Amino acid sequence: RCYILSNENGKIQLSLRQSRLNPKNSSKVEDIEITCIKDVKKGQLVRGYVKSVTPSGIFFGLSASLLGRILFQNVSPYFVQKHSLYEKYLPEGKLLTAKVLGVNKKENHVELSLLPEDTEMPSVLPESLGLPRYGAEEEKREEDNKGKKEELKIKGKKEELKIKGKKEELKIKGKKEELKIKRRQKRENSESEQEAKPKKRKVCPADENDSGIEVYYREEEDGDQEEEAAEKKSKIRKRGEAPRLQVTTGFTWDEDINAVDMPVLNQKEESSESEEEEENPQSKKKQTKKEKELEKQKKEKELCKLEAALMDPSRQPQSADDFDRLVLSSPNSSILWLQYMAFHLQATEIEKARAVAERALKTICFREEQEKLNVWVALLNLENMYGTEETLMKVFERAVQYNEPLKVFQHLCDIYASSEKYKQAEELYHTMLRRFRQEKSVWLKYASFLLKQGQTEATHRLLERALKALPTKEHVDVISRFAQLEFRFGDPEHAKALFESTLNSYPKRTDIWSIYMDIMIKQGSQKEVREIFERVIHLNLAPKKMKFFFKRYLDYEKKYGTAETVMAVKTAALEYVEAKSSLADT
């Protein structure tokens, strides 16, 4: 027993679900039926069948109408270089359990995973194959990093102990220096007091012109000392007393005291600064080492991820760097260059797209003419869409210089026609007819353009001009091609008239007969097709050609005719053979 889901176009879809065969049965449904993408949720475990293995991933059938995709990195934890291995272990129709990683309802995409950590099922590829794991290198590096971290911690503790010991030594040295400085200050103070006492005695100099200097010591109260010094200076020196000490330059004890005090302060400041300087570089060294190690670890992890991603053949380029790598690997591939240009155009970076095109034209080998032409055509398209008429003409003139001019003209005409710039296209066709009069393809392309615009009368006049311009050996082929274009885009009756006139003039052109038959079989009635076959089999042609036409006639009647018409063709063929044999006997 089975349940019929649909019967369309001769295809019957069946279901063996117990919930459909026995709807009254209240047993739990193991696999919930998925009819559309709304039935699928992120994180859900689903069962389905392998549909196909492609370069972009494995397609997984969730239902008759819904497919999901599994990227190769989500199939197994092992890195597989040859995709034929997936085809061996994941044949079409194999039932598997997968986890839903993401659902895109707009694009009707479902991303799945077969990894054991997601499905809690064994890996689809056995361990016995000995394949490398994706994260094996990362685990090793993490272990190495842990060991390095422990070593760094031990070194850091040792350095901290050393720093503490140095700090204690510096503190002891600082205390010793402070004691020494205090002793020096006491000595200097006592000396200054002793020198200040005799200076209070008033001594008259031997000479009236003698300029003696009053020497005094300034202690904490500066104001009182200045007054005393002024009084001493105002006193009159007495004659007969011992001469004073003569000094060429004036000096005070204040200067000596300051000179003594300043270096002491500087020594203290220097000692404190030296302690800070010794502490800071050590802390800086600690921080920089840790930061460097962390940066190294981060960079290594990122590199591992990048390497794994780059090794994935199904990965699409997602940045300018990815495209640069691809272009370096195959610089003569115009497809890659065009994709690179499209990447910038999607981000509306027009100048960058132009730069990529110019770079491609410089990079591609000069022997690869078609590849270069593809880039020129893409650049013409870019200027037509985003540039001006001037920039387009400049690129067009350059393209004509570096490529076959006829091909460039034809491509620009196609660009104009596709962008509905019919006036510019018609002007360009006129210049082509003047420049390439002897080229049959130019006349045919212009005829196709006119017929698509609905200008049948202009096409008839163009045929007359073409027959005058082209050599006579090309006339039959040109008329045949114009007639085919008329059948496709113009007036079928006029096309028949062209074929009939050509075949009346050239009845032995079997190639024209074959083209005419093919078109009439597709577009004409059976009566008209049979009339053409009857005319052909009664021509006086070579036996090989007659055999070909009889065979085509017989195949046509077998497909579209009856048993009587088939017998009629066979009898006509026998009569032809008997007539030929009788002529040969005579």
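Visitor: Which glutamate forms a salt bridge with lysine 496?

Guide: This is a predicted model in which local features need pLDDT of at least 70, side-chain atom pairs count only at pLDDT 80 or more, and totals for chains, interfaces and linings use all residues. Residues are numbered from 1 along each chain as its sequence is written, and side-chain values use heavy atoms, with hydrogens and water left out. A salt bridge needs a side-chain nitrogen of Lys or Arg within 4 Å of a carboxyl oxygen of Asp or Glu. At 3.7 Å between the closest N and O atoms, the partner of lysine 496 is glutamate 493.

Visitor: Is lysine 496 buried or exposed?

Guide: Buried means under 20% relative accessible area, exposed over 50%, and partly exposed in between (1.4 Å probe, protein chains only). Glutamate 493, at 52%, counts as exposed. Lysine 496 has a relative accessible area of 17%, so this lysine is buried.

Visitor: How many residues apart in sequence are the parts that glutamate 358 and arginine 398 tie together?

Guide: Their side chains meet in a salt bridge at 3.0 Å, N to O. Glutamate 358 lies in helix α9 and arginine 398 in helix α11; helices are DSSP runs (H or I, at least four residues), numbered from the N terminus. The pair therefore ties together parts separated in sequence by 40 residues.

Visitor: Where is glutamate 474, the partner of lysine 440?

Guide: The side chains of lysine 440 and glutamate 474 meet in a salt bridge of 3.2 Å, N to O. Lysine 440 is in helix α14, while glutamate 474 is in the loop between α15 and α16.

Methods. Helix = DSSP H or I, 4+ residues; strand = E, 2+ residues; numbered from the N terminus.
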